Amino acid sequence: MGMQIGNIAEILEAKVLTPELDTSREVVHAFSSDLMSDVLTGDYHKTVLVTGLSNLQAIRTAEMSDISEVIVARNKEVSKEMIELALENDIVLLSSRYSLYRISGILFREGIKPVY
Amino acid sequence: MVMQFHIEGGDFVSAGKASSSVKRVLKQLNVPPKLIKRVVIALYETEVNVAAHADQGDIEVLIESDKITMVIEDKGPGIRDIDKAMEEGYSTASKTVREMGFGAGMGLPNIRRNSDEMHIESVPGKGTEVRIINTLKS
């Protein structure tokens, strides 16, 4: 059982930075990391990436890893280029003021499963 | 089909563009998603390596019906000890590279993991050539 990314945005009080994209997509798993090489080692299915890293490579890493949703923690500044790259790759991008730990805790409590 | 790309050292904005283009083409060619993922992750890590360590690099991707061959040739400092560089956790990356979310000594092991064949040749002070082959298994 998963959750729609739109509902996840609500419970995290997160801004949806790609409102053009469908927010009814289901998320079943989450992976939290600032280390993109670590993200690149995994196999993902309906997985949201939660990260404190706000740069183009976070979006590129999601693209290469077949991850379609990314949450940037702690209100880190998200560049216009990041949003454009996310839109280009059909990646829903959220920004939350909550910390990586808090976001991970909330998602876990809501039944979103870990990858490992 | 051959695709060619050029990467400049230090350019973390463009790193990933080649992998992105290759991914798009492989999707259009209906290559199995698992193979696409192996190919683009291996290529993406090499792009990051060139941006992180080299002065510049050239990529050639040869797509054939039974295999995908990628050759990444860079001009740069080269790798002094390839066995050491292949060890998980060994890294010579700068602070800047680490701040980009890389540089934890996982790149080359990750490339190997996502390749059916991987060959590295390096001349210290000159550059490195990485050849990656992934075959389409029936």
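## Pairing of β5(A) and β6(A)

In this predicted model, strand β5 (residues 47-51) of chain A runs parallel to strand β6 (residues 69-72), and the two are joined by four bridges.

## β6(A) and its pairing with β7(A)

β6(A) is also joined by four bridges to strand β7 (residues 92-95) of chain A, again in a parallel arrangement, and here A:Glu69 has A:Val92 of β7(A) as its bridge partner. Together with helix α4 (residues 80-88) of chain A, β6(A) and β7(A) form a right-handed β-α-β unit.

In a regular strand, side chains alternate between the two faces of the sheet. Within β6(A), A:Glu69 and A:Ile71 point one way, whereas A:Val70 and A:Val72 point the other way, and all of these residues are buried.

## Helix packing in chain B

In chain B, helix α1 (residues 17-28) packs against helix α2 (residues 33-53) at an angle of about 165°, with their axes 9 Å apart. Because angles over 145 degrees count as roughly antiparallel, α1(B) and α2(B) are described as roughly antiparallel to each other, and their crossing is right-handed.

The residues that make this contact include B:Ala18, B:Val22 and B:Leu26 from α1(B), and B:Ile36, B:Val40 and B:Leu43 from α2(B). Also among them are B:Lys23 and B:Lys27 of α1(B), as well as B:Tyr44 and B:Glu47 of α2(B).

Note on methods. Residues are numbered from 1 along each chain as its sequence is written. Chains are lettered from A and ligands numbered from 1 in the order in which they are written. This is a predicted model: local features need pLDDT of at least 70, side-chain atom pairs count only at pLDDT 80 or more; totals for chains, interfaces and linings use all residues. A residue is buried if 20 or more other C-beta atoms lie within 10 Å of its own, exposed if 12 or fewer, and partly exposed in between; C-beta atoms are placed from the backbone. Two strands pair if DSSP finds at least two bridges between them. A crossover is right-handed if, with the strands pointing away from the viewer, the path from the first strand over the helix to the second runs clockwise. Axes are lines fitted to C-alpha atoms, for helices over the stretch in contact, and angles run from 0 to 180 degrees between N-to-C directions. Angles under 35 degrees count as roughly parallel, over 145 as roughly antiparallel, 65 to 115 as roughly perpendicular and the rest as oblique. A crossing is left-handed if the near helix is turned anticlockwise from the far one by less than a right angle, and right-handed if clockwise. Two residues are in contact if their C-beta atoms, placed from the backbone, lie within 7 Å.
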